[in-house]
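Okay, thanks for coming, everyone. Let me put the model on the screen and walk you through a few spots.

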Amino acid sequence: MEYPTVPYRSLQVSRGERLEMAAHILEEMAQRRSVRHFSNREVPRELIETAILAASTAPSGAHMQPWTFVLVSDPEVKRRIRVAAEEEERENYEGGRLPPHWREDLARLGTTSDKPFLETAPWLVVIFEQRYGVRPDGSRQHHYYVKESVGIAAGMFIDALHRMGLATLTHTPSPMAFLRTLLNRPENERPFILFPIGYAAEDCEVPDLDRKSLGDVMIEVTDDDLGGV
Ligand SMILES: Cc1cc2nc3c(=O)[nH]c(=O)nc-3n(C[C@H](O)[C@H](O)[C@H](O)COP(=O)(O)O)c2cc1C
């Protein structure tokens with residue numbers, strides 16, 4: 001079947017520059033941290049919109065782009081999100097809904113049911129996954145690999161914000177279903193991740209965490225290893 005194409009253009013990087021650029025990319029990405037203490041300093045809307053456009057260049061199953069980015073800066077809506085999120089989180093932390101192993105694993109992060117950043121950060125962006133699409137005639141459009149697609153877009157969003165010098169937190173107040181009703185999203189959408197976005201507070205501290213080494217996360221497999229299987 002005939003289908004329209006355009007020439008592919010790769011980023012132009014010279015051989016010599018490539019290694020230097022790779023080291024720089026790693027250094028920059030390694031500096032990213034999840035921030036839980038925000039300044040209320042204003043962030044131009046254009047930055048957030050540009051980061052959303054950057055995230056929306058993500059690959060997706062059958063190019064369905066099954067995501068909606070819901071933007072909130074209205075203080076009253078932020079307050080309502082905070083109240084609802086803290087209610088769920090109180091049930092998790094104080095009401096015993098979190099199983100003991102989860103509480104133990106979270107201890108080194110110092111997280112609690114208090115989420116003041118949901119009001120302090122100038123912007124909240126909630127990414128919704130679209131379980132299926134809705135065509136103009138109301139019929140359903142199948143969406144493929146929705147979680148994988150939206151997860152990749154979310155990662156690209158985090159990276160875009162970081163490169164702009166902005167801070168964010170990957171926040172999943174669990175369960176998150178309240179966000180669909182609170183933000184008046186349609187039946188086919190499900191909240192995926194809530195991102196408070198802004199500048200880190202001046203005295204912001206983050207947990208002292210190590211990251212896995214290359215040897216911990218990578219294994220090379222050759223034909224020899226497979227023993228001719
Ligand atoms: C899917 C996902 C959900 C997360 N949910 C929360 C959350 O609800 N609250 C929170 O404080 N941190 C949350 N985090 C942030 C992690 O705790 C954080 O990424 C991890 O501790 C590593 O720290 P770093 O992001 O600074 O490298 C989440 C991260 C991911 C990837």
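So, does D223 count as buried or exposed? D223 counts as exposed, because its relative accessibility is 59%; the cut-offs are under 20% relative accessible area for buried, over 50% for exposed and partly exposed in between, with a 1.4 Å probe and protein chains only.

Quick housekeeping: this is a predicted model, where local features need pLDDT of at least 70, side-chain atom pairs count only at pLDDT 80 or more, and totals for chains, interfaces and linings use all residues. Residues are numbered from 1 along each chain as its sequence is written, and side-chain values use heavy atoms, with hydrogens and water left out.

Back to D223, which sits in the segment after α8 (214–217). Helices here are DSSP runs of H or I with at least four residues, strands are E runs with at least two, and numbering starts at the N terminus.

Now the rings. We've got two aromatic pairs, meaning Phe, Tyr or Trp rings (six-membered ring for Trp) with centres within 6.5 Å; planes under 30 degrees apart are stacked, over 60 edge-to-face, the rest tilted. F69 and F157 pair edge-to-face, at 5.5 Å centre to centre and 65° between the planes. F69 is in strand β1 (residues 67–72) and F157 in helix α6 (residues 146–163), 88 residues apart. F157 also pairs with F195: the centres are 5.4 Å apart and the planes at 75°, so that's edge-to-face. F195 is in strand β6 (residues 189–198) and F157 in helix α6, so this pair ties together parts 38 residues apart in sequence. F157 and F195 are buried, and F69 is buried too. Together, F69, F157 and F195 make one aromatic cluster.
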